[in-house]
Protein chains: 2
Amino acid sequence: MRNAEFDRVKVLRSAMTLFMEKGYSKTSMPDLKKATGLHPGSIYCAFENKRGILLAAIEQYRVDRNEEFSAFFSTNEPILDQFKKYLDNIVDECASCDTSKGCLFIKALYESTEEDQEIKMVIAENISQWHQAIADKFKQAQKAKELPENRKSEHLAHFLVMGIYGLRTFSQSHPDKNILEALADQLFNSIRY
Amino acid sequence: MRNAEFDRVKVLRSAMTLFMEKGYSKTSMPDLKKATGLHPGSIYCAFENKRGILLAAIEQYRVDRNEEFSAFFSTNEPILDQFKKYLDNIVDECASCDTSKGCLFIKALYESTEEDQEIKMVIAENISQWHQAIADKFKQAQKAKELPENRKSEHLAHFLVMGIYGLRTFSQSHPDKNILEALADQLFNSIRY
DNA sequence: TTCTTTCTTGAATGTACGTTCAAGATATAA
DNA sequence: TTATATCTTGAACGTACATTCAAGAAAGAA
């Protein structure tokens, strides 16, 4: 007879930002209260506990990144040009030094412990979906003769995923735009030829 | 008039292992006490505080990885063969699913916050040294005509560092030896040619 | 042996956190 | 308007942690 007052998506985006900036452990309930405007009781009612917020935030992150991916690949350009712009955007994120623009999957993966296999599994599944979406695009590019067909699209996708993770991780210590662009170029070229 | 009873290096290796397995935040003083056999007082006397243990562990990690690096590159083989074995060893670490065999630099980088710029700086400096050591080896390989000279050794080294970070991060969710080997092969090839 | 310096011990302290829950507020239905 | 169901509030609770420190132990010097 009464609906919740808060916007679930907005709350999750706030939590996402905090988890990326400070990490899960160092994000306290007071932090979440301050960022979301929600009181502990409401948070616990909506997400059960702190871990529930993380899981919901990861799911929201997946949805958001998914939409972003689709946007990059829904133009009329050649697929390789779409990939180039997709990579450029990642390089921009890496070079921005904006900690909230990192990858929540990586951040949560590195923070998850042995006891928390579920989080690892959820993220692994999300990454697999992302990998598959990339592989599908490479397959399309091969059919359109934009790419040679001597290498499997799944392999190319794995290499791109690895490269993106490398870029993101490298930028943690060396957020130098010139270097990152050169690395992205070489990565792109070693996929193209 | 009395020497400390504990072996500093052993203590730091224990701490290193804990920090890699559980992360810094989730490693508690009771954990450290159990793993090192040292009581809080002794730990605080030797390292000032928990953060001091992390800094000392990072330094020990640097020393250990440095020795390992030198060992791989002190044979009489061609330098590219040394690189191949170096990479193979990293792939083995990644595929082993042994959380203690990860990279403490990455782990600590991803856990460090904005307020802890010193940790980030220390690690960035350590990574730069590692990068330079790799670049020097590539330079040697170029002089020995093992590598073409059309790309700067510093760039090749950056690409290798990025690739290794990519492999390590990728293996966090997909510790599949076959995939990792294929990725390492492509990485190695895109440096060679 | 005795003295003195240094290291070791582990209980105690203060703090900060995740979580709970009962009282209060508010929106819808009757 | 009144009743009722649901959401919101925030104080309170228990726990676990990093850190301290004074007492005890032990090694070397005299």
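This is a predicted model: local features need pLDDT of at least 70, side-chain atom pairs count only at pLDDT 80 or more; totals for chains, interfaces and linings use all residues.

Author: Let us start with the word helix, which here stands for a DSSP run of H or I that is at least four residues long, numbered from the N terminus.

Reader: Why is A:Q82 called buried?

Author: The word buried is kept for residues under 20% relative accessible area. A:Q82 has 3% relative accessibility, and therefore it counts as buried. Leaving aside residues up to four places away in sequence, A:Q82 touches A:F72, A:F73, A:S74, A:T75 and A:E77.

Reader: What makes A:T113 count as buried or exposed, and where does it lie?

Author: A:T113 lies in the loop between α6 and α7 of chain A. Its relative accessibility is 8%, so A:T113 counts as buried, given that the limit is under 20%. When residues up to four places away in sequence are not counted, A:T113 touches B:E21, B:K22 and B:K26.

Reader: How many residues of chain A and chain B are in contact, and how do you know that they are?

Author: Contact requires heavy atoms within 4.5 Å, and by that test 38 residues of chain A are in contact with 38 residues of chain B. The area buried between chain A and chain B is about 3,700 Å², with carbon and sulfur atoms giving 65% of it. On the side of chain A, the residues A:Y110, A:M162 and A:Q186 supply 21% of the area buried against chain B, which is more than any other three residues.

Reader: Which kinds of polar pairing are found between chain A and chain B?

Author: The rule finds 13 residue pairs in polar contact across this interface, with both residues at pLDDT 80 or more, whereas the count of salt bridges between chain A and chain B is zero. The helices α1, α6, α7, α8 and α9 of chain A each supply at least two residues of the side that touches chain B. Of these, α8(A) gives the most, with 14 residues. Sorted by class, this side of chain A has 15 nonpolar, 14 polar and nine charged residues.

Reader: Which domains does chain A have, and how far apart do their C-alpha centres lie?

Author: The domain assignment gives domain 1 as residues 1-60 and domain 2 as residues 73-192 of chain A. Their C-alpha centres lie 27 Å apart, and 13 residues of domain 1 are in contact with 15 residues of domain 2 in chain A. These two domains of chain A bury about 1,200 Å² between them, and A:M20, A:R51 and A:I58 supply 54% of the area that domain 1 buries against domain 2, more than any other three residues.

Reader: What makes the pair of A:R51 and A:D116 a salt bridge?

Author: The rule asks for a side-chain nitrogen of Lys or Arg within 4 Å of a carboxyl oxygen of Asp or Glu. In the pair of A:R51 and A:D116 the closest N and O atoms are 3.1 Å apart, so the pair meets the cut-off and is called a salt bridge. Across the interface of domain 1 and domain 2 of chain A, the rule finds two salt bridges.

Reader: Why can such side chains pair at all?

Author: Side chains of opposite charge can pair when their charged atoms come close. A further example is A:D92 with A:K177, where the closest N and O atoms are 2.6 Å apart. This pair links distant parts of the chain, since A:D92 is in helix α5 and A:K177 in helix α9 of chain A, 85 residues apart.

Reader: Why are A:D92 and A:K177 called partly exposed?

Author: Partly exposed is the class in between buried, under 20%, and exposed, over 50%. A:D92 has a relative accessible area of 37% and is therefore partly exposed, and A:K177, at 37% relative accessibility, counts as partly exposed too.

Reader: How do you know that B:R65 and B:E68 are separated by about one helical turn?

Author: B:R65 and B:E68 are three residues apart in helix α4 of chain B, residues 50-72, which means a separation of about one helical turn. They form a salt bridge whose closest N and O atoms are 2.9 Å apart.

Notes. Residues are numbered from 1 along each chain as its sequence is written. Chains are lettered from A and ligands numbered from 1 in the order in which they are written. Side-chain values use heavy atoms; hydrogens and water are left out. Buried area is the accessible area (1.4 Å probe) that two parts lose on being put together, summed over both. A polar contact is a pair of N or O atoms within 3.5 Å; within protein, one must be able to donate a hydrogen and the other to accept it, and residues adjacent in sequence count only if both atoms are side-chain atoms. Ala, Val, Leu, Ile, Met, Phe, Trp, Tyr, Cys and Pro count as nonpolar, Asp, Glu, Lys and Arg as charged, and the others, Gly among them, as polar. Domain bounds come from an automatic or database domain assignment. Buried means under 20% relative accessible area, exposed over 50%, partly exposed in between (1.4 Å probe, protein chains only).
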